[in-house]
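Colleague: I would like to learn how to read a structure file of this kind. Please take me through the features one at a time.

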Amino acid sequence: MTTRYRASEGTNSPSPRRRTVVKAAAATAGAALAAAPLGAALPARAATQAPAFLHGVASGDPLSDGVLLWTRVTPAADAVPGSGIGPDTEVSWVVARDKALTDVVTRGSTTATAAADHTVKADIRGLRPATDYWFRFSAGGTDSPVARTRTAPAADATVTGLRFGVVSCANWEAGYFAAYRHLAARGDLDAWLHLGDYIYEYGSGDYGTRGRVVRPHTPTHEILTLADYRARHGTYKTDPDLRALHQQAPVIAIWDDHEFANDTWSGGAENHTEGAEGTWSARQAAARQAYFEWMPVRPAIAGTTYRRLRFGKLADLSLLDLRSFRSQQVSTGSGSVDDPDRTITGRAQLDWLKAGLTASDTTWRLVGNSVMISPFVVGSLTADLLKPLAKLLGLPQEGLALNTDQWDGYTDDRRELLAHLRSNAIRNTVFLTGDIHMAWANDVPVDAGTYPLSPSAATEFVVTSVTSDNLDDIVKVPEGTVSAIAAPVIRAANRHVHWVDTDRHGYGVLDLTADRAQLDYYALSDRTAANASSSWVRSYRTRSGTQKVERTYDPV
């Protein structure tokens, strides 16, 4: 349930109650939860002492006057995610200007029900722009952790800088989410972007983890039903590092395929067998419902994740849904990739994107993009590298140079969009992309075949996976081995690619000023270690007005 409330300025709360931090294991996960990072740990409350907030709290989609708050309450020990049972439970919230929750600006309550898997959303409005707020949920005498959120700047505000975390592709069974922990520890994020594959749908052991399961997810079978998708979302939100990041900053999320099934398109998916696994329409509806229950996402159009957010005069962010409307992927090498009747965006979404880019009066036009828009060809790779690269990218193993799940498979949409940018002299468009489990820094040429003679219409920063297998994992060689060989070949065949790292896991930090957009790339020491360290790898930026990527030698 989502409830909208306006802030009531000048209201003072009574003395704050003692905050209860739940460390008990969620029944669906069987793993201990860390204490809340925004305060000292208090004695744990057993999972049997319901209600409890076993899945943390979160906020998302910041506006200049509001933000969407989220939690899930466990009203009884057996009311686990996806169970469909448990009593109706009143859940209240409080929003304040201070972490101690004494300077209260609004409070309210709603009822968590089994019909919504006991998830709760509160769409808070009437807040001040560009302001930190703290919030907490309560139910039956139990308090959730206190979390920080932040509103966006006013639409007409001159903003000197913005900073966003950028992540993608977090497979529970492949490792731990240390990337989230390191982003949470920064304490300087206006928000963080999740560009898709927040969860994975596979059965236990079905997806690459260098041949082993680091930690089993729940349920162990491939998820198909509403109960399954709810249970999988619930498992992910017991991860202490993910919970910590949700407690530190609002998330801005889009989905990709694995929130549904591998290589999703509008009428099915590669990882769905019609009939044997039920109907695609039923599975898709279940995945959508669970996603919107479990994520603090405010869709502009019901059932989709495409929408637009604004951050003063510095940037707007157009978020795409590249799964709900796309045509089915075609085989690589097929001339059908150029068919104007095929689409990755759908007509309405592409028109919406073009209109928004034209109308934008901000310095930067960011596009949250789940699959790579830059053209990509394989070039000449040795057989031992070509086969795993083909597997990772969805290419045929004979090496034809196309990944039809990306924009490469829908070239008419890409040509139309890039031509629109050029013909309307739209500058400073930056695509922020996930999905491919590699880090890239690209120009986006109008015609890759003649680049660099062909102009660049935009730039693209691609973040690697948080944990999901990348190229060295598939080959099962030490990290860096494959990238040292493959990256120069990829760059030679794709002159618009300034950098590619095929091997490491990690995250990005996007820093915006009026002069430049810069992405700092960070890598984890070991995705299979819960205490993995993080180190800066490289930074790339695009200067205002250039539509070109260049390397810079220091992180922000």
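This is a predicted model: local features need pLDDT of at least 70, side-chain atom pairs count only at pLDDT 80 or more; totals for chains, interfaces and linings use all residues.

Colleague: How many helices and strands does the protein have?

Modeller: Helices (H or I, at least four residues) and strands (E, at least two) are DSSP runs, numbered from the N terminus. The protein has nine helices and 25 strands.

Colleague: What share of the residues counts as buried?

Modeller: Buried means under 20% relative accessible area, exposed over 50%, and partly exposed in between, with a 1.4 Å probe and protein chains only. Of the 556 residues here, 63% count as buried. V214 is buried, since its relative accessible area is 18%.

Colleague: How should I read contacts within the chain?

Modeller: A contact means heavy atoms within 4.5 Å. Among contacts in the protein with a separation of 6 or more, 71% are between residues 24 or more positions apart.

Colleague: What packs against the buried residues of α2?

Modeller: Helix α2 (residues 226-236) is mostly covered, with nine of its 11 residues buried. Including D228, Y229 and R230, these buried residues pack against α3 (240-248) and α4 (280-294).

Colleague: How does the span of α7 relate to the expected value?

Modeller: The expected span of a helix is 1.5 Å times one less than its number of residues. Helix α7 has 13 residues and reaches 18 Å from its first C-alpha to its last, close to the 18 Å expected. Its buried residues are T411, D413, R414, L417, L418, H420 and L421. Their cover includes α5 (347-359), β18 (429-433), β19 (439-445) and β20 (456-462). Just after α7, A425 takes a positive phi of about 50°.

Colleague: How many salt bridges does the structure hold?

Modeller: Side chains of opposite charge can pair when their charged atoms come close. The rule used here for a salt bridge is a side-chain nitrogen of Lys or Arg within 4 Å of a carboxyl oxygen of Asp or Glu. The structure holds 35 of them.

Colleague: Which residue forms a salt bridge with R415, and where do the two lie?

Modeller: R415 pairs with D412, and their closest N and O atoms are 3.9 Å apart. Both lie in helix α7 (residues 411-423), three residues apart, about one turn of the helix. R415 counts as partly exposed at 43% relative accessibility, and D412 is also partly exposed, at 22%.

Colleague: Which residue forms a salt bridge with D473?

Modeller: D473 pairs with R527, the closest N and O atoms being 3.2 Å apart. This pair links distant parts of the chain: D473 is in helix α8 (residues 471-475), and R527 is in the loop between β23 (516-524) and β24 (534-543), 54 residues apart. D473 is buried at 4% relative accessible area, and R527 is buried at 7%.

Colleague: Where is a buried arginine paired with a glutamate?

Modeller: R283 forms a salt bridge with E277, with the closest N and O atoms 3.6 Å apart. R283 counts as buried because its relative accessible area is 2%.

Colleague: Which residues are linked in a network of salt bridges?

Modeller: The network links R163, R186, D188, D511 and R516.

Colleague: How many cavities are there, and what lines the largest?

Modeller: On a 1 Å grid over the protein atoms alone, a cavity is a set of points where a 1.4 Å probe fits but cannot get out, and lining residues have an atom within 4 Å of a point. Of its 14 lining residues, the closest to the centre are A439, T464, W499, Y521 and Y522. 

Colleague: Where is V214, and what does it contact?

Modeller: V214 is in the loop between β11 (191-194) and α2. Leaving aside neighbours within four places in sequence, V214 is in contact with E173, A174, G175, Y176 and T528. V214 and R527 are 313 residues apart in sequence and 9.5 Å apart in space, C-alpha to C-alpha.

Key. Residues are numbered from 1 along each chain as its sequence is written. Side-chain values use heavy atoms; hydrogens and water are left out. On a 1 Å grid over the protein atoms alone, a cavity is a set of points where a 1.4 Å probe fits but cannot get out, and a pocket is an open set with protein on both sides within 12 Å along at least five of seven lines; lining residues have an atom within 4 Å of a point.
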